[in-house]
Amino acid sequence: FMEESYQKIIFQKDAEQEIRAAESEGRDADFSNQTIQELNLSDKEIRCGLNFKNAVFLGSFYLGRSSILGDLILEGSVINNTLYLGELKVGGNFLAPRVAIKNSLNLVGGEVEGDLDIEKAHIQGFLSLNKVRVRGKMNAKGLKIISLESQTGVIKGDLYIQNGEIEKSFDMEWSYISGMADFQGLSVW
């Protein structure tokens, strides 16, 4: 008897089912250590936290214009394409230390009620936090943003935080940005 060594891949319908179950059971939806095909949870109201700790996304992950009641955890996860979180509202913390993203992380116009932690995040492509609002602390220590070369050209390793608002503190010690960093209009209280 050989033990099965492959892991089941989570698809869109599996993820939606787990979220519905978590909402009704009053717990976080747990996708930790899972392999996920591609996930589009845009324009949804998610009445629980989402835990993707050490998850691997084979494609992109979309959460644009959604709201999450609890925490969004992407700690140690790998996203093999875009992480699109434009106008996302996170009712708790957004915890993504050591996340690895191959393309871009876009949180334009996002709101985080707690802390935003992207310590030691590694992004190939750009990080856009324009108009982001963080009510807690933002930890970007050891953040690394490098350019991404593809068939269509080069995505510069830029960081944008134009007109962002961080209410507690902002730490970018030991960060590396290969492209441009734009902090125009950023306010840290």
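The legends below describe several close-up views of one predicted model.

Residues are numbered from 1 along each chain as its sequence is written, and side-chain values use heavy atoms, with hydrogens and water left out. Because the model is predicted, local features need pLDDT of at least 70 and side-chain atom pairs count only at pLDDT 80 or more, whereas totals for chains, interfaces and linings use all residues.

**View 1. A parallel open sheet runs from β5 to β29.** Seven strands, in the order β5-β9-β13-β16-β19-β25-β29, form this sheet; strands here are DSSP runs of E with at least two residues, helices are runs of H or I with at least four, and both are numbered from the N terminus. Two strands count as paired if DSSP finds at least two bridges between them. β5 (45–46) and β29 (187–188) stand at the edges with a single partner strand each, so one side of each has no neighbour in the sheet. At one end, β25 (residues 165–166) pairs with β29 in the parallel sense over 2 bridges, and I166 stands opposite V188 in β29.

**View 2. A further parallel open sheet runs from β2 to β26.** This sheet has 7 strands in the order β2-β6-β10-β14-β17-β20-β26, and its edge strands, β2 and β26 (170–171), each pair on one side only. Within the sheet, β14 (residues 94–95) and β17 (residues 116–117) are joined in the parallel sense over 2 bridges, with L95 standing opposite D117 in β17. In general, the strands of a sheet pair through backbone hydrogen bonds, either parallel or antiparallel.

**View 3. Helix α1 is shown with the strands that cover its buried residues.** The helix spans residues 12–25, has 14 residues and reaches 20 Å from its first C-alpha to its last, close to the 20 Å expected at 1.5 Å a residue, where the expected span is 1.5 Å times one less than the number of residues. Its buried residues are D14, A15, E18, I19, A22 and E23; buried means under 20% relative accessible area, exposed means over 50%, and partly exposed lies in between (1.4 Å probe, protein chains only). What covers these residues includes β1 (9–10), β2 (29–30), β4 (39–40), β5 and β6. Just after the helix, G26 takes a positive phi of about 65°.

**View 4. L74 is seen within the largest nonpolar core.** A nonpolar core is a set of buried Ala, Val, Leu, Ile, Met, Phe, Trp, Tyr and Cys residues joined through side-chain atoms within 4.5 Å. Of the 48 residues in this one, L50, F52, L63, L72 and L74 touch the most other members. Helix α1, β15 (100–106) and β18 (122–128) each supply at least two residues of the core, and α1 gives the most, with 3 residues. Leaving aside neighbours within four places in sequence, L74 is in contact (heavy atoms within 4.5 Å) with F52, F57, F61, I79, L83, F94, L95, A96, P97 and V99.

**View 5. F126 lies in strand β18.** F126 counts as partly exposed at 23% relative accessibility. Although F126 and L159 are 33 residues apart in sequence, their C-alpha atoms are 6.0 Å apart in space. Beyond its neighbours within four places in sequence, F126 has contacts that include N103, S104, L105, I145, I155, K156, D158 and Y160.

View 6. E23 counts as buried at 18% relative accessibility, whereas R47 is partly exposed at 48%. E75 forms a salt bridge with R98, the closest N and O atoms being 3.1 Å apart; E75 lies in the loop between β10 (72–73) and β11 (78–79) and R98 in the loop between β14 and β15, so the pair ties together parts 23 residues apart in sequence. A network of salt bridges links E113, R133, R135, E165 and E167.

**View 7. N54 and E87 each have a positive phi.** N54, in the loop between β6 (50–51) and β7 (56–57), has a phi of about 60° although it is not a glycine. E87, in the loop between β12 (83–84) and β13 (89–90), likewise has a positive phi of about 60° without being a glycine. Most residues other than glycine have a negative phi. N54 is partly exposed, with a relative accessible area of 34%, and E87 is partly exposed, with 43%.

Note on methods. Salt bridge = Lys/Arg side-chain N within 4 Å of Asp/Glu carboxyl O.
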